[in-house]
Amino acid sequence: MRYYIADCHFFSTILNEKMDKRGFADAEEMNAYMIQRWNRKVRPNDEVVILGDFSEEKGEKTNALLRKLHGRLYLIEGNHDHYLDNPEFDRNRFVWIKSYAEMKDNRRKVILSHYPIFCYNGQYRRDERGNPRTYMLYGHVHDSMDERLIDMFQKQTRNIRRTDFKTGQEDGIPCQMINCFCQFSDYEPLTLDEWIFFDRQRRQKLEEKEEEWYSKNRGEKAK
């Protein structure tokens, strides 16, 4: 099995208490919970692609953490992965470390980047049934206003109609960008199919909340 996850930020007190407001008593409790969730899902020979910002600690503490986690690990480098420059850090725990990668996952392509890419390679490709053949997996933005803007971009992009110059048929523009933020999956690495399902559910709930908000405010304005 291959799993994906982003922005764990192990050891980060600031993200636990302020930005993400993860709700743990401290960073130690957060680490323990994330390790438990990870190892309950991932077996020793499974693959896990980490989409950046894995740890906030230096070399040796990050080494010790990595020794506790199951799986064959791959790292897409994030802007907070400063332990990579520490001379004590052992890079051998990762199969590879890259800033960008493209991989195959059950006859589909996955574009892997810490940062969201709006016009990604293979975006327009579909299979014989019309299903997307390429997915853009990212992190970095957590559950922030930036992610809300990405949600809006995807919705608008999918609703735009264009004429395919090859077939001459009118169709929507494919846009399959998935934020693999660890908090969205309750800190559990997920397969591509699981992320597709969770992402669809999350966006549907956001749209329902938006519609509820607009309906309420339209009613108040009418009064």
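At the start of helix α2, a side-chain oxygen of D26 comes to within 3.2 Å of the backbone nitrogen of E28. This is a polar contact, defined as a pair of N or O atoms within 3.5 Å; within protein, one must be able to donate a hydrogen and the other to accept it, and residues adjacent in sequence count only if both atoms are side-chain atoms. The model is predicted: local features need pLDDT of at least 70, side-chain atom pairs count only at pLDDT 80 or more, and totals for chains, interfaces and linings use all residues. Residues are numbered from 1 along each chain as its sequence is written, and side-chain values use heavy atoms, with hydrogens and water left out.

Helix α2 covers residues 27–41. Its 15 residues reach 21 Å from the first C-alpha to the last, close to the 21 Å expected at 1.5 Å a residue; the expected span is 1.5 Å times one less than the number of residues. Buried in α2 are A27, M30, N31, M34, I35, R37, W38 and K41. Seen down the axis of α2, these residues fall within an arc of 165°, so they line one face of the helix. The arc is that of the directions from the helix axis to the C-beta atoms. E28 and R40, on the other side of α2, are exposed. Buried means under 20% relative accessible area, exposed over 50%, and partly exposed in between (1.4 Å probe, protein chains only).

An α-helix has 3.6 residues a turn, so residues three or four places apart point the same way.

Helix α4 (residues 145–159) also has a contact at its start, where a side-chain oxygen of S144 reaches to within 3.3 Å of the backbone nitrogen of D146. The buried residues of α4 are E147, I150, D151, Q154 and T157. Down the axis of α4, they fall within an arc of 135°, so they line one face of the helix. On the other side of α4, the exposed residues are M145, Q156 and N159.

M145 has a relative accessible area of 60%. Together with L149 and M152, M145 forms a nonpolar patch on the surface, with about 330 Å² of accessible area.

As for the whole chain, there are 5 helices and 10 strands; helices (H or I, at least four residues) and strands (E, at least two) are DSSP runs, numbered from the N terminus. Of the 223 residues in the chain, 48% are buried. The C-alpha trace spans about 55 × 50 × 30 Å along its principal axes.

How values were computed:
Patches are made of residues with over 30% relative accessible area and no salt bridge: like charges are joined within 9 Å, nonpolar side chains (Val, Leu, Ile, Met, Phe, Trp, Tyr) within 5 Å. Accessible areas come from the Shrake-Rupley method with a 1.4 Å probe; for residues, only the protein chains shown count as cover. A salt bridge is a side-chain nitrogen of Lys or Arg within 4 Å of a carboxyl oxygen of Asp or Glu.
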